[in-house]
Amino acid sequence: MEELWRGILDGKVSAVREAIERCMREDLDKTCPGNGPPLIIACQRGDIEIVRLLIENGAKIEEARWNGLGVAHHAAKSCRPEIFEALFAAGCPVDSKSWDCRTPLIEVCRQRTGEGSAAVVRLLIKHGGSGS
């Protein structure tokens, strides 16, 4: 597992691919101490190749939660539309609620400004995202 987390934290797709080949599928959802499940780490970092690789290999989107936030909430930190597109294509709910009832749309608005966040806001609204 440590190889998987290290590969994700370092952004090394080949290391992640090798670690996935060696580990059990259920390991893809185990929490990295201090960082959350692998899918959440990759979404926060905005690494689309690793996000896709984890999803293709069975990472559980709906069960990926850490600190009371779902995977789409954590993806807000990267503000990369392609991360959200991959999550939605894999069945991630657009309006999941955090422990304090925030939606991913609210989280994006709280996290960032600029063109990346504007594109993600448009994408979330297009997919039916709301602030409530």
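## Exercises on burial and helix packing

Pro104 lies in helix 7 (residues 104–111); helices (H or I, at least four residues) and strands (E, at least two) are DSSP runs, numbered from the N terminus. The model is predicted, so local features need pLDDT of at least 70 and side-chain atom pairs count only at pLDDT 80 or more, while totals for chains, interfaces and linings use all residues. Residues are numbered from 1 along each chain as its sequence is written, and side-chain values use heavy atoms, with hydrogens and water left out.

**Exercise 1. Determine whether Pro104 is buried or exposed, and list the residues that Pro104 touches.**

Step 1. Set the cut-offs: buried means under 20% relative accessible area, exposed over 50%, and partly exposed in between (1.4 Å probe, protein chains only).

Step 2. The relative accessibility of Pro104 is 0%, so Pro104 counts as buried.

Step 3. Look for contacts (heavy atoms within 4.5 Å). Leaving aside residues up to four places away in sequence, Pro104 touches Ala72, His73, Val94, Asp95, Ser96 and Leu124.

Step 4. Compare sequence with space for one pair. Val71 and Pro104 are separated by 33 residues in sequence and by 8.9 Å in space, C-alpha to C-alpha.

**Exercise 2. Describe the order of helices and strands in the chain, and state what share of its residues is buried.**

Step 1. Count the elements: the chain has eight helices and two strands.

Step 2. Along the sequence they follow the pattern α-α-α-α-β-β-α-α-α-α.

Step 3. Of the 132 residues in the chain, 46% are buried.

Step 4. Take the contacts between residues at least 6 apart in sequence; 69% of them join residues at least 24 apart.

**Exercise 3. Which residues of helix 1 are buried, and how are they placed around the axis?**

Step 1. The buried residues in helix 1 are Leu4, Trp5, Gly7 and Ile8.

Step 2. They cover an arc of only 160° around the axis, so they are on the same side of helix 1. The arc is taken from the directions from the helix axis to the C-beta atoms.

Step 3. These buried residues pack against helix 2, helix 3 and helix 4.

Step 4. Read on past the end of helix 1: Gly11 follows, with a positive phi near 70°.

**Exercise 4. Describe how helix 1 packs with helix 2 and with helix 3.**

Step 1. Two packed helices are described by the angle between their axes and the distance between the axes. The axes are lines fitted to C-alpha atoms, for helices over the stretch in contact, and angles run from 0 to 180 degrees between N-to-C directions.

Step 2. For helix 1 and helix 2, the angle is about 160° and the axes are 8 Å apart. The two are therefore roughly antiparallel. The cut-offs are under 35 degrees for roughly parallel, over 145 for roughly antiparallel and 65 to 115 for roughly perpendicular, with the rest oblique.

Step 3. Glu3, Leu4, Gly7 and Ile8 of helix 1 make the contact with Ala15, Val16, Ala19, Ile20 and Arg22 of helix 2.

Step 4. For helix 1 and helix 3, the angle is about 10° and the axes are 9 Å apart. Helix 1 is therefore roughly parallel to helix 3.

Step 5. Here Leu4, Trp5, Ile8, Leu9 and Asp10 in helix 1 meet Pro38, Ile41, Ala42 and Arg45 in helix 3.

**Exercise 5. Find the buried residues of helix 4, and sort by class the residues in the contact of helix 3 with helix 4.**

Step 1. Ile48, Ile50, Val51, Leu53 and Leu54 are buried in helix 4 (residues 48–56).

Step 2. Their cover includes helix 1 (2–10), helix 2 (13–22), helix 3 (38–45) and helix 6 (81–89).

Step 3. Helix 3 and helix 4 pack at about 155°, with axes 8 Å apart; they are therefore roughly antiparallel.

Step 4. Pro38, Leu39, Ala42 and Cys43 of helix 3 and Ile50, Val51, Leu54 and Ile55 of helix 4 make the contact.

Step 5. Ala, Val, Leu, Ile, Met, Phe, Trp, Tyr, Cys and Pro count as nonpolar, Asp, Glu, Lys and Arg as charged, and the others, Gly among them, as polar. The contact of helix 3 with helix 4 has eight nonpolar, no polar and no charged residues.
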